[in-house]
Every structure is written in C-alpha cells, then in structure tokens.
Amino acid sequence: MIVDADVHVSASKRGSIDITIEDLIRLMDKNKVDKAICWPMLTYTRQVSEDNKAIGEGMKTYPDRIIGFGGLNPRLGPKETLNELKKCVEKYGFKGFKMNGARDNYVIDDKSFTYPIIEKLSEEGVVLALHSGVNDPGGTHPWRIGNIAKDFPKLKILMVHMGGAGVPGLHDAAIKMGEEYPNIFLLGSEVFQFRAITEAIKKLGADRVCYGSDAPFSPMKVTLAIYGAVLEDFSEEEKKSVMGENILHKVLN
Ligand SMILES: [Zn+2]
C-alpha cells in the first residue's frame with residue numbers, strides 16, 4: 001500500500017503544472033500509488049475554497065483513492081477561515097487541513113492570528129499539516145511547530161517537508177521537535193538531504209515518518225525512486241510504515 005501524503009490539486013488548469021483530480025488519478029495509476037492526501041494548490045490569488053470544493057467532489061467520486069485535506073488561509077480573515085473550516089468538515093468530510101505560512105506570509109505560531117483557528121482544529125479532532133521550510137525559516141521554523149504541538153497536545157501535526165523545501169534544510173530541528181513532541185509526525189516531501197530521512201527513522205522510529213511527493217512540484221516517479229533507495233536497508237515492516245501505513249493508521253485514525 002503506497003499513500004502519497006503530499007499532493008496539490010487544482011480545481012482547473014490555471015498554470016502549466018496544475019493537476020486536477022482526474023490528472024492525479026491517472027498519475028497514481030501510472031505510479032502504482034494507492035491513495036493520496038490532497039490539498040489545494042494554494043494559488044497566489046490566495047483563494048482556497050474553489051480547490052477545496054474540487055477536492056471534496058474528488059473524494060466523493062474516488063473514496064478509496066482520495067483523502068481530502070482542506071486548505072486554510074488565515075490571511076482571508078478569521079471569519080472566512082472558520083466558515084471554510086466548518087464547510088470542509090461538515091460538507092466535504094475532510095479529516096485534516098493544510099496551512100502554509102511561507103506562501104501566505106504569516107508566522108505560524110502567532111497566538112492572536114493562527115491560534116483561534118488551530119484551537120478549532122484541535123476541537124474538531126482533525127489533523128493539521130503545516131508547511132515547514134528554509135524558504136521561510138523565520139515564520140515556519142520547526143521550533144514554531146514545536147510550540148504549537150506543546151500548546152495543543154491532542155492535535156496531530158504533520159510537519160510537511162520536515163524543515164526542508166530547499167537546502168540546507170532545518171532537518172535537525174525537525175527531528176528534535178519530533179523527539180520532544182509525540183503528536184508531531186514528519187512528512188518527508190521536498191527533503192533533498194536524504195540522510196535526514198534515515199536519521200528521522202532511526203531517532204523517532206519508522207512509525208513517525210511519512211512518505212509524500214509534493215506532486216506536481218516534484219515528480220511522483222522521482223520521489224518514489226528516491227524513497228526506494230533511501231529505505232533500502234530498512235525492514236519490510238519499516239518500509240510499509242513510512243510508505244503508507246503511518247499516515248492511514250497513526251496519523252488519520
Ligand atoms: Zn506540498
């Protein structure tokens with residue numbers, strides 16, 4: 001069972017790399033990927049609701065393949081964001097949400113700005129996926145995700161890119177935060193220093209690390225090949241955990 005835990009889907013082809021749900025299903029079939037966690041492309045217009053709707057519909061059409069996560073952009077305003085969250089949970093049945101402080105330009109653990117939203121997510125019992133990376137080390141540092149994990153111990157958090165999204169990654173900090181807070185799971189997409197993946201598995205255990213491609217930004221085929229090589233010396237059990245079991249049974253249940 002292969003679950004890709006980081007895929008961006010668009011409601012329509014707005015740019016050259018956008019993929020729709022139908023494109024994604026074809027891509028998954030071609031690469032023998034069973035399921036994918038999908039969240040919005042996060043366009044520079046900052047809209048999320050159109051893509052959230054497309055993902056909600058995609059999950060209805062392909063319930064065995066598509067796991068929808070709503071995109072939230074607090075820059076659209078607190079009321080709008082909480083309304084979108086409510087719609088995503090009640091109407092689409094999303095089990096998680098993605099927030100990207102780098103793309104939407106905010107500090108992720110800003111108590112007056114993001115905490116009211118994060119508090120609601122914790123209450124709803126859904127998963128929060130947070131971008132973390134060197135493209136905005138100030139606003140999305142793993143240490144800030146540690147603060148959120150500490151303040152919301154019941155909330156399961158996916159640390160997307162485990163501090164990567166460029167080189168040199170903030171991987172040591174990501175792994176350290178994972179060691180300190182059991183509610184943090186590392187999502188190893190856009191990790192270009194591959195030793196970080198093996199080190200995370202050795203330090204945290206294979207059940208705390210999840211595979212993701214970040215398609216369409218990174219080709220699925222390439223990331224699958226990288227993981228095949230990186231995980232070569234781990235047991236079959238450990239490979240299965242990272243490649244899909246964790247996200248389904250440890251993060252989403
Ligand atoms: Zn991504």
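Trainee: Which residue stands opposite Gly 96 in E4?
Mentor: Phe 69 does. This is a predicted model, where local features need pLDDT of at least 70, side-chain atom pairs count only at pLDDT 80 or more, and totals for chains, interfaces and linings use all residues. Residues are numbered from 1 along each chain as its sequence is written.

Trainee: What strand joins E4 by 3 bridges?
Mentor: Strand E3, residues 66-71, and the two run parallel. Strands pair if DSSP finds at least two bridges between them. Strands (E, at least two residues) and helices (H or I, at least four) are DSSP runs, numbered from the N terminus.

Trainee: And which residue in E5 is the bridge partner of Gly 96?
Mentor: Val 127. E5 covers residues 127-131 and runs parallel to E4, with 4 bridges joining them.

Trainee: Are the faces of E4 covered or open?
Mentor: Both are covered. Gly 96 and Lys 98 are buried on one side, Phe 97 and Met 99 on the other. Buried means 20 or more other C-beta atoms within 10 Å of a residue's own, with C-beta atoms placed from the backbone.

Trainee: Why two sides?
Mentor: In a regular strand the side chains alternate between the two faces of the sheet.

Trainee: New topic. At what angle do H2 and H3 pack?
Mentor: About 10 degrees, with axes 11 Å apart. So H2 is roughly parallel to H3, a label for angles under 35 degrees.

Trainee: Which residues of H2 make the contact?
Mentor: Ser 49, Asn 52, Gly 56 and Met 59. From H3 come Glu 84, Cys 88, Lys 91 and Tyr 92. Contact means C-beta atoms, placed from the backbone, within 7 Å.

Key: A residue is buried if 20 or more other C-beta atoms lie within 10 Å of its own, exposed if 12 or fewer, and partly exposed in between; C-beta atoms are placed from the backbone. Axes are lines fitted to C-alpha atoms, for helices over the stretch in contact, and angles run from 0 to 180 degrees between N-to-C directions. Angles under 35 degrees count as roughly parallel, over 145 as roughly antiparallel, 65 to 115 as roughly perpendicular and the rest as oblique. Two residues are in contact if their C-beta atoms, placed from the backbone, lie within 7 Å.
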